[in-house]
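Hi,

Here is the structure I promised to pass on.

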Amino acid sequence: FGGVMAKSKCKHCEARKETSEGIKTPLGFFCNHDHAIKYGLDNKEKGRKKLIAKRKQEKQVNAKADREKTAQRKKELKKRSWWLDTLQKLVNQRVTKVLYPDELCYTCRRAKADSIFNAGHCFSRGSRPELRFNLNNIRKQCVTCNLYESGRHKQFCDKLRVEIGEGEFLKLSDESKSKSLKEQYPHWSDIEKEIIRYRKLLRDNGIKPIA
């Protein structure tokens, strides 16, 4: 009985052939020299393309890192007032568009559905800056009450006292009960986190953030 001839698979064409009829190289087994040469050339081209792809990927990674570094630097250069004003716009938008979308003015009965509305503060941002983002302190107001009638402070306080209860209103009124803005947001990045949170809250309610 004759012995079974050993077979190997060509790395180029993947055909199986008796090992003794092909050639062996450091790259593997091939049917013939032509297949070995073609495989070597193909491998070289694949290596070149792989190197190009790797360099392209590295370039993209470096470009992304540069963009992130630039964006971070721009953030760091922005004044604290910019961050606070941006957050205020989003808080105000949530008050007027999400929390009280169908309400008219909190302090008068003159406003119509097509009136211009703001987010009014019972305790103004100037007198009580630490309450500027406190939702207990903000309600939807027409522009007339808010801007031209000093926020109608008495009417605002009287109504708010009834709405949130005497205890909560007294807590709001007591300056010692509130942390300063600096304590609430020690770093600009703390304000940024709140900005991101409010943007998400608005988008979750189908509203495009204005800031």
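Helices (H or I, at least four residues) and strands (E, at least two) are DSSP runs, numbered from the N terminus. With that in hand, you can find Leu 87 in helix α2 (residues 80-99).

Before I go on, two notes on where the values come from. This is a predicted model, in which local features need pLDDT of at least 70 and side-chain atom pairs count only at pLDDT 80 or more, while totals for chains, interfaces and linings use all residues. Residues are numbered from 1 along each chain as its sequence is written, and side-chain values use heavy atoms, with hydrogens and water left out.

Back to Leu 87. Is Leu 87 buried or exposed? Buried means under 20% relative accessible area, exposed means over 50%, and partly exposed is in between (1.4 Å probe, protein chains only). Leu 87 has a relative accessible area of 0%, so it is buried. Contact means heavy atoms within 4.5 Å. Leaving aside neighbours within four places in sequence, Leu 87 is in contact with Phe 133, Tyr 185, Ile 191, Glu 194, Ile 195 and Tyr 198. The C-alpha atoms of Leu 87 and Lys 193 are 9.8 Å apart, although 106 residues separate the two along the chain.

Asn 32 has 31% relative accessibility, so it counts as partly exposed. Its C-alpha atom is separated by 8.3 Å from that of Glu 21, 11 residues apart along the chain.

Now the rings. Rings of Phe, Tyr and Trp (its six-membered ring) pair if their centres lie within 6.5 Å; planes under 30 degrees apart count as stacked, over 60 as edge-to-face and the rest as tilted. How many aromatic pairs does the structure hold? There are six aromatic pairs. One of them is Phe 30 with Tyr 39, a tilted pair at 5.3 Å centre to centre, with 55 degrees between the planes. Phe 30 is buried, at a relative accessible area of 0%, and Tyr 39 is buried too, at 17%. The rings of Phe 123 and Phe 169 also make a tilted pair, because their centres are 5.9 Å apart and their planes are at 40 degrees. Phe 123 lies in the loop between β5 (117-121) and β6 (138-142) and Phe 169 in helix α5 (residues 166-173), so this pair ties together parts that are 46 residues apart in sequence. Phe 123 is buried at 12% relative accessible area, and Phe 169 is buried at 3%. Elsewhere, ring pairs link Trp 82, Trp 83 and Trp 188 into a cluster.

Some rings have a charge over them (NZ of Lys or CZ of Arg within 6 Å of the ring centre and within 35 degrees of the ring normal). Lys 78 lies over the face of Trp 82, 3.9 Å from the ring centre. The charged end of Arg 139 sits over the ring of Tyr 106, at 5.8 Å from its centre.

Next, the salt bridges. Side chains of opposite charge can pair when their charged atoms come close. A salt bridge here is a side-chain nitrogen of Lys or Arg within 4 Å of a carboxyl oxygen of Asp or Glu, and a search of the whole structure finds 13 of them. Which residue forms a salt bridge with Glu 192? The partner is Lys 75, with the closest N and O atoms 2.5 Å apart. This pair links distant parts of the chain, as Glu 192 is in helix α7 (residues 188-204) and Lys 75 is in helix α1 (residues 33-77), 117 residues apart. Glu 192 counts as buried at 15% relative accessibility, whereas Lys 75 counts as partly exposed at 25%.

Glu 194 and Arg 197 meet in a salt bridge as well (3.0 Å, N to O). Both lie in helix α7, three residues apart, about one turn of the helix.

Finally, Arg 152 forms a salt bridge with Glu 149, the closest N and O atoms being 2.9 Å apart. Arg 110, Glu 149 and Arg 152 are linked in a network of salt bridges.

Cheers
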